[in-house]
Structures are given as structure tokens and as C-alpha cells.
Amino acid sequence: MEPLDSFLIWISDFLGDHLYEGIFLAALLETIIPPIPTLAVFPTAGFLASQQGISLIGLIPMIILGAIGATIGTSLIYLIALKLGRVVLLRYLKYVKVSEKKLTRVEVWFEKYGDKAVFLGRMVPVMREMISVPAGLLKMRIPKFIMYTFAGSCIWSTVTILSGYYFGETIGLTTTTSLLP
């Protein structure tokens, strides 16, 4: 079994026992270690919540914890980019296959769309992890970065968790109605 597969199985098991902590941890780690996909973890958590009988109101803490975890992790990447600068950062980004050309493209895009890039970028897979780098390199104000990151992360958490939750609800309804004569 691949190490990533083993890790994802561990995350699923952890989510089953520690739903709220798991959401926070997955969101935090996803922004620091990109191969951990919240696009898989958050809907799974929503599904598990529906199967455990958690109400829609009970999802609110999960959504907020997901957004807080993502904001903390993304802020760390932002601070690293801010402190290290472009030259040093490029030396390390080559290990995750980010070339200077790709970084330049992201910086140009960021300069064009500015603050909206952080907000919208938090809702786009892959861009979720990368948007912190140009924000840090181009010295976006920290309070603004945190506000836009948290807002975008709340929307991402809401959509992905609810998709899993409603999927679980639908399966529950289908199973219940198929048992009726």
C-alpha cells in the first residue's frame, strides 16, 4: 500500500472517531502538505456527520474549525514566503515542481486580481495551497490576508462538508425507502 493511501485511511479512521478535531487537522495539514486533499476529507466528514445523526446546526463548528485550520496553515505559508523572499523560495519550490515561470504567472495573476485572488483562490483546488505564496511575496497586508483567507475558507468548508452531508442524507433516505413495502 502506498504511503499516501495509508495516510488517507488513517485520516478516515481518525475522522470517524474525532470528527471536529479531524476537520481542523485536515485543513491545517492540507495547506502545509498539499497532497492531503480536503476535497476528499471534508465531504467524507460531512457524510460521517450525517450517518452519526449530527444536525445541520452541528455542522457549523465543523465548518468554522475547517476554516480556522486552513487559515492557520495558509498563514504559515504566507509568513514563510514573506520572510524568505522570492530567490530563496524558488530554491525550495523546485522540489514540488513549481518553476520560476509558474511562480511568475501566479504573481502576475495575483497582481491583476489583488485581494480578490486570495478570497477566490481559497475555493479553487490546488490554488488553495499556492495563493499564500504570491500574497506573502507581494507583501499583502496580514489582516487583509487573514480576513480574505478565512472568508474563502468558510465558503469552501461549507460547500464541501454540506455536499458530503447531503449525500449521506440521500443514501439514508434511499436505504429507508427501499425497505418499505
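**Figure 1. Salt bridges in the predicted model.** A search of the whole structure of this predicted model finds 2 salt bridges, a salt bridge being a side-chain nitrogen of Lys or Arg within 4 Å of a carboxyl oxygen of Asp or Glu. Local features need pLDDT of at least 70 and side-chain atom pairs count only at pLDDT 80 or more, while totals for chains, interfaces and linings use all residues. Residues are numbered from 1 along each chain as its sequence is written, and side-chain values use heavy atoms, with hydrogens and water left out.

**Figure 2. Close-up of Glu107 and Arg86.** Glu107 forms a salt bridge with Arg86, and their closest N and O atoms are 2.8 Å apart. The pair links distant parts of the chain, with Glu107 in helix α5 (residues 100-113) and Arg86 in helix α4, 21 residues apart. Helices are DSSP runs (H or I, at least four residues), as strands are (E, at least two), numbered from the N terminus. Glu107 is buried, at a relative accessible area of 11%, whereas Arg86 counts as partly exposed at 25% relative accessibility. Buried stands for under 20% relative accessible area, exposed for over 50%, and partly exposed for values in between (1.4 Å probe, protein chains only).

**Figure 3. Close-up of Lys144 and Asp115.** The side chains of these two residues, Lys144 and Asp115, meet in a salt bridge at 2.7 Å, N to O. Lys144 lies in helix α9 and Asp115 in helix α6 (residues 115-121), so the pair ties together parts that are 29 residues apart in sequence. Lys144 counts as partly exposed at 27% relative accessibility, and Asp115 counts as partly exposed at 23%.

**Figure 4. The largest nonpolar core.** This core has 18 residues, of which Leu19, Phe42, Ala49, Leu59, Met62 and Ile161 touch the most other members. At least two core residues come from each of α2 (19-32), α3 (38-51), α4 and α9 (142-179). Helix α3 gives the most to this core, with 5 residues. A nonpolar core is a set of buried Ala, Val, Leu, Ile, Met, Phe, Trp, Tyr and Cys residues joined through side-chain atoms within 4.5 Å.

**Figure 5. Surroundings of Phe42 and Ser157.** Leaving aside its neighbours within four places in sequence, Phe42 is in contact (heavy atoms within 4.5 Å) with Ile23, Ala26, Ala27, Gly66, Trp156, Ser157, Thr160 and Ile161. Ser157 lies in helix α9 and counts as buried, at 1% relative accessibility. With neighbours within four places in sequence again left aside, Ser157 is in contact with Phe42, Ile63, Gly66, Ala67 and Leu162.

Figure 6. Helix α2 has 14 residues and reaches 20 Å from its first C-alpha to its last, close to the 20 Å expected at 1.5 Å a residue; the expected span is 1.5 Å times one less than the number of residues. Buried residues of α2 are Leu19, Gly22, Ile23, Ala26, Ala27, Leu28, Leu29, Glu30 and Thr31. Thr31 and Glu129 are 98 residues apart in sequence and 5.1 Å apart in space, C-alpha to C-alpha. Glu129 lies in helix α7 (residues 127-130) and is buried, with a relative accessible area of 11%.

**Figure 7. A nonpolar patch on the surface.** The patch is formed by Ile32, Ile33, Ile57, Ile60, Ile64, Ile68, Ile72, Leu76 and Phe150, which together have about 730 Å² of accessible area. Patches are made of residues with over 30% relative accessible area and no salt bridge, where nonpolar side chains (Val, Leu, Ile, Met, Phe, Trp, Tyr) are joined within 5 Å and like charges within 9 Å. Accessible areas come from the Shrake-Rupley method with a 1.4 Å probe, and for residues only the protein chains shown count as cover. Helix α4 (residues 56-93) gives the most to the patch, with 6 residues. Ile57 lies in α4 and counts as exposed, at 62% relative accessibility.

**Figure 8. The loop residue Lys139.** Lys139 lies in the loop between α8 (132-137) and α9. Phi of Lys139 is near 60°, a positive value in a residue other than glycine. At 59% relative accessibility, Lys139 counts as exposed.

**Figure 9. The whole chain, for context.** The protein chain has 9 helices and 0 strands. Of its 181 residues, 40% count as buried. The protein chain exposes about 10,000 Å², with carbon and sulfur atoms supplying 71% of it. Among contacts in the protein chain with a separation of 6 or more, 76% are between residues 24 or more positions apart.
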